[in-house]
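Grab a pencil and let's work through a few exercises on the model below. Each task comes with its solution, step by step.

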Amino acid sequence: VPAVMSVTKEVGGSRIRLRFGEDPNLYQLAVYYHVYNALIKGNYTEVYLDITHGINYMPHLASEAVRLAAYVYAVRNRKSVSLVTVNSDPYSLSRSQSPGNKQQVDEASREVPDLTIHRTYDEKVIRWNAPNVVGTLALGALEWYARVNISYRDLYDNEKWQDMPISMRAETLLLSRLTQDERDALKLGLVVSASLRDSLYPVLLSLKDEIEKYRTALTTDLENLAKTPMGVERRGNQLIIRHTNKPSVLRGEGSATYRAVMAMHAALEVAHRLINGVERYTKVVNNVLAFAVDALERLNNSYGGVASRAIMAKEIMNFERVSSDVIKGLVGKQYRLKTWKCLGKRSVEECAKLEEEAGAKEDLCSALTGKDEYVLSNYRNLIAHAGFHEYDMFVVIHEEGGVVKPLITYGDKLNCVKDLIYRSIMIDVSRQG
């Protein structure tokens with residue numbers, strides 16, 4: 001058992017102590033991935049976890065790993081599943097069956113004890129809110145990984161940072177501790193997790209290529225987990241046994257790293273499933289991914305929670321208010337969403353003028369240079385509109401098969417949207433120190 005067990009043995013006349021020196025969360029990562037693999041290959045409606053004889057941290061870590069795997073399964077296989085944890089009363093041998101009497105112990109071990117099995121936890125895992133749950137759990141784990149890579153003493157050094165917002169200080173400290181690839185991976189994991197939690201489907205759809213890249217790398221890492229040999233290190237009279245597997249995406253050692261790998265795999269698997277389910281409603285236009293409103297409707301109907309379903313439905317209704325007459329003759333042109341809403345009431349020229357005035361008045365990218373309170377205000381606005389933003393989402397009028405229809409895109413504002421989400425998370429991370 002990682003980080004728990006040690007054994008002393010006589011080897012060649014010398015007493016040697018074998019110590020398993022791995023981190024407990026590597027055990028959790030292994031449990032998660034093995035349960036996840038078993039679930040997605042089957043057609044299960046119930047998952048039972050028996051924690052009766054768990055050692056130390058094992059019941060807690062196993063419970064969390066199995067729960068996360070069950071929620072990923074609910075999305076991947078589009079199946080609801082009952083998750084039940086059980087624990088039995090303790091069972092001990094009587095005096096006549098003490099360890100000193102081997103025959104009686106052997107006979108007792110063949111008996112089926114009369115035990116009371118307690119149902120200690122029962123949860124119905126449903127796919128409708130599974131992305132929100134996975135996003136919440138994954139975000140918490142990835143924020144922990146960010147926190148352990150930040151020196152909070154430096155974070156609150158006002159002489160060093162002067163007037164820089166605290167979220168930007170946190171990001172700067174992360175930049176100094178992580179490689180470029182680690183920073184990119186962590187940022188993607190945090191943004192995807194927050195987008196799952198808050199049902200920001202347009203953001204997820206826009207991140208398709210990045211999600212696929214890191215999902216492939218993480219899958220390879222976890223497949224190698226069971227194949228990598230154990231390493232042995234000699235320290236005096238001790239032999240320390242450690243797993244030699246090292247993650248390639250989020251590098252490092254310790255609980256936070258293994259937990260972050262587990263969380264990021266779960267978040268990217270769920271995001272991958274959501275994107276694949278509506279891929280036929282997406283299209284690359286002017287080198288930017290755009291999507292039809294059908295994609296949002298399907299995702300909302302399949303996975304949205306009560307609040308997110310209501311918000312998204314309202315935004316979709318607003319988007320569809322423009323009649324088919326308006327888009328005639330506008331094929332190939334691009335308009336801000338605010339202008340698109342305007343077109344049903346005013347001429348193209350009037351709406352274009354309003355668009356120009358709106359762009360000069362407010363721009364999402366400019367919010368990123370503001371104070372933390374302003375960033376949070378803009379992020380709340382993004383959530384309140386399910387990923388739509390009246391100044392920074394665009395509509396492309398597209399013709400396909402003789403049918404003229406609108407497609408939605410973030411255009412060149414995608415990086416600003418990701419940065420807004422990321423910086424709002426850095427605000428949370430900095431406040432947790």
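Which residues is Gly-304 in contact with (heavy atoms within 4.5 Å), leaving aside its neighbours within four places in sequence?

A word on the source: this is a predicted model, where local features need pLDDT of at least 70, side-chain atom pairs count only at pLDDT 80 or more, and totals for chains, interfaces and linings use all residues. Residues are numbered from 1 along each chain as its sequence is written, and side-chain values use heavy atoms, with hydrogens and water left out.

**Solution 1.** 
- Start with the place: Gly-304 is in the loop between helix H12 (293-303) and helix H13 (306-319). Helices (H or I, at least four residues) and strands (E, at least two) are DSSP runs, numbered from the N terminus.
- Then list the contacts: Trp-128, Tyr-201, Leu-299 and Arg-309.
- Gly-304 has 4% relative accessibility, so it counts as buried (under 20% relative accessible area; exposed is over 50%, partly exposed in between; 1.4 Å probe, protein chains only).

**Exercise 1.** Work out the strand order of the open sheet and how its strands pair.

**Solution 2.** 
- The order is S3-S4-S5, with mixed pairing; two strands pair if DSSP finds at least two bridges between them.
- S3 and S5 (117-125) each have a single partner strand, so one side of each lacks a neighbour in the sheet.
- S3 and S4 run parallel, joined by 5 bridges, with Tyr-48 partnered by Val-84.
- S4 and S5 are antiparallel over 8 bridges.

**Exercise 2.** Sort the side chains of S3 by face.

**Solution 3.** 
- Val-47 and Leu-49 point to one face and are buried.

Note on methods: Contact means heavy atoms within 4.5 Å.
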